[in-house]
Amino acid sequence: MRLTLEIWRQKGADDAGRFVRYDHDDVSEHMSFLEMLDVLNQKLIGKGEEPVSFDSDCREGICGMCGFVVNGYPHGPQPLTTVCQLHMRHFHDGDVLRLEPFRAKAFPIIRDLAIDRSALDRVIMAGGYTSINAGGPRDANSILVGKKESDLSMDAAACIGCGACVAACPNASASLFTGGKISHLGLLPQGEPERKTRALSMVERHNAEGFGGCTVIGACAEACPKGLKLDFIARMNKDYLAGTLTFREEASGGGSG
Amino acid sequence: MSVATASTAAPAKVSRLSVFWDSQVGKKFVSAVTGVLLFVFVVGHILGNLQAFQGAAKFNAYAQFLQNTKGLIWTTRIVMLGALILHATAGIQLYLRARAARPQPYRVPLANPATVSSKTMIWTGLLTLAFIVYHLLDLTLGAALVHSGFVHGDAYLNLVNTFRSTGKVLFYGVSVIGLGLHLSHGLYSLWQSLGFRHPLWTPSITKAAVLIGVVLAIAYLSIPAGVVAGLIRL
């Protein structure tokens, strides 16, 4: 199949950037989107031109490294699919595809379609963990978790941190990501002790990184390749409110321990 | 010896209230609570004003009752002013923050499936704010600038006079449709901001919000329409 690609080319953060048009005439319907770009890049290298930079790693849809916007859809128009797992059979001969990077202040452009998503890592560092005592292994069933809670937690844990929610959000908010991480840990007994302080510190980090706020538009959940739902943002809000109402600087001097 | 714990603690020595207000979650909470107060007023206001269809005597008696019940009217005014200031400030700040969060716009517009009402909250909100100012000048204060021939104490006459002007009918009409749109998203979204979302209730809340928005817009439109159609006349 033949495609016309209009790809955002930008040399770095300071460059203005522009769309450059490429006619790509040897695209196989069996290729993934990224393989299609690999073939384009080989041709560009052969011609002595600069290849198109884009993020990728596992190419199995599980690492969260890839992602750009195809014709206005983060990760392309196929639902529940990362762009590395999007296959060219979903497109048609003669299609014009415009590729843009995920755009947000918190995601500076490194080059072309490649962006820096470390802001999401810093949100995780602010509280996306549980503090547990290391030691001898526990009996597997010593902490009971209900099936529904465990399933819901796993739904939240499906987030791969690709940033498509930020890309799709008219407010460039990472609330679905942050809510997903807060829910995934907070729904389980192991995450319960730090549930409220986690919400406080992760939401604060989220804001400090320059993401916008959630206004319940719902574009994030539509774009999410892992199907996270707005329920997790409600849970983030609830935990944040509870954390604000019950916050203590310090419980006491630490008792006799 | 105390057990070393990883610090998930939020920054100390700051007022929790200011941290709360500074965060987007806190602003949305304030927005939701004040939005509920404003919504209650919007419902009460139309229920009272629909008495215009019952004639001048009834309507003016209602207006007189409100004027005479100082406690009620001033409590309402003060609470509404406070709620409005907080609601508008939170909304405008969230909008500015969202704009700052994406300094470089998409060159190809996002193909997102969101509802019109959710994406236009700031505009329907600002329209409502402008409308409130105008409406107060027009029919509460009777400022000569916007309402010539205003008679203090004859609310019915003033109402009919206002809707004899085509321009005012159009502005009032567009404004209450904007308010209806604003409510059809706000009445759903406020639950999310308060942290409540549930598969049993949220689908019904979403539909109810749209229904209430439409019903209120129609109810508010009925008054200028009633004047135009001659059902409310001197």
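The structure is a predicted model, in which local features need pLDDT of at least 70 and side-chain atom pairs count only at pLDDT 80 or more, while totals for chains, interfaces and linings use all residues. Residues are numbered from 1 along each chain as its sequence is written, and chains are lettered from A and ligands numbered from 1 in the order in which they are written.

In chain A, five strands form an open sheet with mixed pairing, in the order S2-S1-S5-S3-S4. Strands are DSSP runs of E with at least two residues, helices are runs of H or I with at least four, and both are numbered from the N terminus. Two strands pair if DSSP finds at least two bridges between them. Strand S2 (18–24) and strand S4 (73–74) of chain A are the edge strands, each pairing on one side only. Strand S1 (residues 3–9) of chain A pairs with S5(A) in the parallel sense over four bridges, and A:Glu6 stands opposite A:Arg98 in S5(A).

Chain B has nine helices and zero strands. Its C-alpha atoms fill a box of roughly 80 × 45 × 40 Å along the principal axes.

Between the chains, 48 residues of chain A are in contact with 41 residues of chain B; contact requires C-beta atoms, placed from the backbone, within 7 Å. H8(A) supplies the largest share of the side of chain A that touches chain B, eight residues. The table divides that side by class.

| Class | Members of the class | Residues of chain A |
|---|---|---|
| Nonpolar | Ala, Val, Leu, Ile, Met, Phe, Trp, Tyr, Cys, Pro | 20 residues |
| Polar | the others, Gly among them | 17 residues |

Definitions and conventions. Contact = placed C-beta atoms within 7 Å.
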